[in-house]
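Here is a note for someone opening this model for the first time. Please read the points in order.

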Amino acid sequence: MPDVATIGNFSLITALIVAILQAALPLMGASQGKSTWMSAAVRLARCQFILVVIAFLSLAYCFAANDFSVLNVAQNSNSELPLNYRLAATWGSHEGSILLWILMLAFWSAAVSIFTRHLAKEVVARVLGVMGIVSVGFLIFMLVTSNPFTRLIPAPADGNDLNALLQDPGMVVHPPMLYMGYVGFSVAFAFAVAALLGNRLDASWARWSRPWTLIAWTFLTCGIALGSYWSYYVQGWGGWWFWDPVENASFMPWLAGTALIHSLVVTEKRGAFKAWTVLLAIAAFSLSLLGTFLVRSGVLISVHAFATDPKRGIVILCFLTLIIGGSLVLYAWRARQIRSGASFDAISRESLLLSNNVLLTAAAGSVLLGTVYPLIIDALNLGKLSVGPPYFNSVFVAIMSPAMFLMGIGPIAKWRKAEIPELVIRLRWALAISILAGIFIPFAVKWKPLVTLGLTLSFWIVATICFDLVSKLKSAQTKGIVQRLRTLPRNYYGMQLAHFGVAISIVGITLVTGYESQKDLLMRVGESTGVGGYVFQFQDLSGVEGPNYDAVRAGVDVFQNGKQILRMQPEVRSYHASGNELKNAAIAGGIFRDLYVTLGEPLEEGTAWTFRIQHKPFVGWIWAGAVFMALGGALACSDRRYKPAASSAARKAA
Amino acid sequence: MKFAVPILIFVTLVIFLGFGLRRDPRLLPSPLIDRPAPAFQLMRLDEPNRPFSPTELRGTVWLLNTWASWCVSCRQEHPLLLALARSGVVPVYGLNYKDKRTDALEWLKSMGNPYILNVQDADGRVGMDYGVYGVPETYLIDKTGVIRFKQIGPLTLESIEKTILPLVRNLNS
């Protein structure tokens, strides 16, 4: 067998050397005006990408070939594990996920090197140089503390197996999506730092960053939604969001990134908020780095229990301090010189977007505070505590409700100066419909104040989207509905689609939180129980053999109005290699409700089993909304104005 | 000045994160420390018909180690347990947690047996009484049956020499 692990290790070391060059040469070239040094950036970034891909493929090969002489493979795989999960195990461990991080960064750098040909040489050199610095940090971190190619000699006969929770199709796609988004904010960060370095913070900077930020945000949205869905169906508890530090780590950059997308619009179109937008670009990526630190250093306990090693934490913390601290010092020094652009009134699209920014930033800040609060209290010797969902839920609802309300007005208000009476007249029907719907619809089940709030906001968002679309189409100059639809730019549709997605998600969150019901009970074969208007009957019990596990499977028939509508089969799996037990819940999804049955423990010598049966109205809407948001992001990126040719034409015109 | 606010906030955060790193979030103060060890009666691993209860150990200082044959970290601490048992300073009793009896016996045969005796906690109920987060965990119990120390995760040479042995000496004198 070829020694693939050595090849991988060697290409990582070479990648580090290339990254050091990529960090140094272009930045020095840009400051001294040396053209050849600057143009090296593009080739170095692509070269680094190829080397990292080789390293990643080597690790994947070691997993596929069951090379247990590699410690990482021995700890996270097993010869019984099916091939697809052996490949997914490549990023299932700490070391592998750091390698995935680096792979994504190299991918984004290579993409920047390809799609920025129309930009000035100094800009490209600075952007790739900054990304090179980030890459150097992560490569050093990996080689020093978490090398995935570390040997285990003598090699064991078989491996420990992959964590049973990770043996799932969701695991195959969730981390790459999430990291694409997380790491994608490095591009916006690099553009911002490059602009600060070059002292050229203008509207063109915002226009270049926008498509990159939108793509990263789209991936992050998918990644978070997949993560939430994955924990919903694989953890077997039926929860879809836990405010766990690991979830917060991905949610904070998402909130900052959402604020950044909106702020970039104002900077591009109106030349306002320049300093603020730069700060948000730094913040979004800093929160990604901070998230990586929180997850990888083990300073916080989480349900996603990862291996902890203080040395890792110290290395990431130093790196974090250099990158974030350095960029914030640069910001403090250069931002003073920024002259703000056009002025605007207290009520205008600018001011509404600014309020949206403040609210989203406050939300990200309060999530950050809740996440690190236990750590701060512990550092001050005030004891051990944990901040739970009650804090996050109440703070989050309070901050996001006004943001949702503004979401309805923002797209309709005029730039520079909007008249309140005019806005009120234009939106009076949307307001009336949403308030009435919010108040009266909950009576269909049971009236609850939070349900009214959630539904009012969702209807408000949808109604304002419809009114805006209709009035825009009416005022279009062309004839025919199709022609009129075509007059509006794609990024307008992208925005409205994403806003519509937010409304859909709120409906899901509101209704499932308000009306879900569950029962924990003991059942013997033949017994039945009713939950949420359905009757569940425990029919039989059987043994099942999986590829690397044995399972007990219960057959549960579900009846509605006396008729059997479906059969559900929850399992308890016991994995051979690790001995881990996993409750594989049976989920019957639907547009208006999910039924969720978990098989628990055997009691009374196996004649009776504990069950958890849940009825979750509209839960699927949470993720459907995220799909709309992501589609909206993708649609907005595909707008003509972001095509390299179009923006270089725009540059010539300007 | 206002542009320096972000860096000041960040520096404060880094200081706290730095302090946080020096602490182990797993070091939870166990509510069981200085409380009587929960009573139980379980069957012995070697003789599944003979019960054992910790009340039989009144008057001795002893260690209760929870372990399982499927547990990887238990392999890591096993040589330390063997050395500790050989030294004879403190008797080690085992609680075999959520394990199959044949697997557990096979494991002891191949890895060596540091335990005076083992009890089987097949369904993990006793482990739950003791607040076991995950195996291995080790409890030091004094002559009156009170828990004096709890180690979460595998024993280390440091924890044995710096904490357990001095405590044992203290409790025995």
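**Notes on helix packing and selected residues**

1. The crossing of H5(A) and H6(A) is left-handed (the near helix is turned anticlockwise from the far one by less than a right angle; clockwise would be right-handed). By class, this contact has 15 nonpolar, three polar and no charged residues. Nonpolar here covers Ala, Val, Leu, Ile, Met, Phe, Trp, Tyr, Cys and Pro; charged covers Asp, Glu, Lys and Arg; the others, Gly among them, are polar.

2. A word on the basis of this note. This is a predicted model, in which local features need pLDDT of at least 70, side-chain atom pairs count only at pLDDT 80 or more, and totals for chains, interfaces and linings use all residues. Residues are numbered from 1 along each chain as its sequence is written, while chains are lettered from A and ligands numbered from 1 in the order in which they are written. Helices (H or I, at least four residues) and strands (E, at least two) are DSSP runs, numbered from the N terminus.

3. Back to the first pair. H5 spans residues 94-115 of chain A and H6 spans residues 121-145. Their axes come within 10 Å and cross at roughly 165°. Axes are lines fitted to C-alpha atoms, for helices over the stretch in contact, and angles run from 0 to 180 degrees between N-to-C directions. H5(A) and H6(A) are therefore roughly antiparallel (over 145 degrees; under 35 is roughly parallel, 65 to 115 roughly perpendicular, the rest oblique). Residues in contact, with C-beta atoms, placed from the backbone, within 7 Å, include A:Trp101 and A:Leu105 in H5(A) and A:Met131 and A:Phe138 in H6(A).

4. Which way do H12(A) and H13(A) cross, left-handed or right-handed? The crossing of H12(A) and H13(A) is left-handed. H12 covers residues 349-379 and H13 residues 389-409 of chain A. They pack at about 165°, with axes 9 Å apart. That makes H12(A) roughly antiparallel to H13(A). Among the contact residues are A:Leu359 and A:Ala363 of H12(A), and A:Phe396 and A:Met400 of H13(A). By class, the contact of H12(A) with H13(A) has 16 nonpolar, four polar and no charged residues.

5. Helix H9(A) runs over residues 245-270, 26 residues in total. It reaches 37 Å from its first C-alpha to its last, close to the expected 38 Å (1.5 Å times one less than its number of residues). Of its 26 residues, 23 are buried, so H9(A) is largely enclosed by the rest of the structure. Buried means 20 or more other C-beta atoms within 10 Å of a residue's own, exposed 12 or fewer, partly exposed in between, with C-beta atoms placed from the backbone. A:Gly271 follows H9(A), and its phi is positive, near 70°.

6. A:Leu220 sits in helix H8 (residues 203-234) of chain A. It is buried, with 29 other C-beta atoms within 10 Å. Beyond residues up to four places away in sequence, A:Leu220 touches residues including A:Tyr182, A:Pro253 and A:Trp254.

7. Two residues other than glycine deserve a look. A:Asn561 has a positive phi of about 50°. A:Asn561 lies in the loop between strands E4 and E5 of chain A, and counts as exposed with 8 C-beta neighbours inside 10 Å. A:Phe618 has a positive phi near 60°. A:Phe618 is in the loop between strand E10 and helix H18, and counts as buried with 23 such neighbours.

Note on methods. Two residues are in contact if their C-beta atoms, placed from the backbone, lie within 7 Å.
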